Amino acid sequence: MSDDFQSRLESAIARGRRRAEHEASQERKKEMSEEDLKRLHTSYRLSLSEQIEAAVRRVADHFPGFRYESVFGEEGWGAACYRDDLRLDAGRRTNLYSRLELVIRPYSDLRVLDLKGKGTVMNRELFNRTHYAKVADAEPEEFSQLIDAWAIEYAEMYSAKSSTS
């Protein structure tokens, strides 16, 4: 009887281990591979950087003197618009720099989709923001809405500051 119990016990333990290995294997299949995450990040980056370029270009088009530039490289992919104004007050020269920059940062070992935005109006940094989500869980629509919101917010802030000076 004890030999029978012993063999059944060992069989049950072996079945349990096989079941655990099978479940772990299924979980690994569900998780995205590193290459899948990189491809997904690239897909998001391409579509969102196109939207960034359009939004920043529209902001620049509404304010004479702004120059548009594409941004790509180590900092990320996106766009910026800027202007450098010269102001003369009582014979004193002052340079006033304004810039809007929105980029999607490169893929990293953190496995996140990362949107960075910076807004400077007349030498004052008014916002420096980051929004990110795991690539596998990222909602492109959420990033899309933020791109539009940040560009519109910058335009409003620039308009308010440039009107008062």
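Guide: Buried means under 20% relative accessible area, exposed over 50%, and partly exposed in between (1.4 Å probe, protein chains only). This is a predicted model, in which local features need pLDDT of at least 70 and side-chain atom pairs count only at pLDDT 80 or more, while totals for chains, interfaces and linings use all residues. Residues are numbered from 1 along each chain as its sequence is written, and side-chain values use heavy atoms, with hydrogens and water left out.

Visitor: Is glutamate 69 buried, exposed or partly exposed?
Guide: Glutamate 69 belongs to strand S1 (residues 67–71), strands being DSSP runs of E of at least two residues and helices runs of H or I of at least four, numbered from the N terminus. Because its relative accessibility is 28%, glutamate 69 counts as partly exposed.

Visitor: Which residues are joined with Glu69 into one network of salt bridges?
Guide: The side chains of glutamate 69 and arginine 99 meet in a salt bridge at 2.8 Å, N to O, the term requiring a side-chain nitrogen of Lys or Arg within 4 Å of a carboxyl oxygen of Asp or Glu. This pair links distant parts of the chain, since arginine 99 lies in strand S3, 30 residues from glutamate 69; arginine 99 itself, at 18% relative accessibility, counts as buried. Through salt bridges that share partners, Glu69 is in one network with Arg99 and Glu101.

Visitor: How many residues apart are glutamate 34 and arginine 111?
Guide: The side chains of glutamate 34 and arginine 111 form a salt bridge at 2.8 Å, N to O. Glutamate 34 is in helix H2, whereas arginine 111 is in the loop between S3 and strand S4 (112–121). Both are partly exposed, glutamate 34 at 29% and arginine 111 at 39%. The pair links distant parts of the chain, and the separation in residues is 77.

Visitor: How far apart are the end C-alpha atoms of helix H2?
Guide: Helix H2 covers residues 34–62, and among its buried residues are Leu37, His41, Tyr44 and Arg45. The expected span is 1.5 Å times one less than the number of residues. For the 29 residues of helix H2 this gives 42 Å, so the model agrees with the expectation, its end C-alpha atoms being apart by 42 Å.
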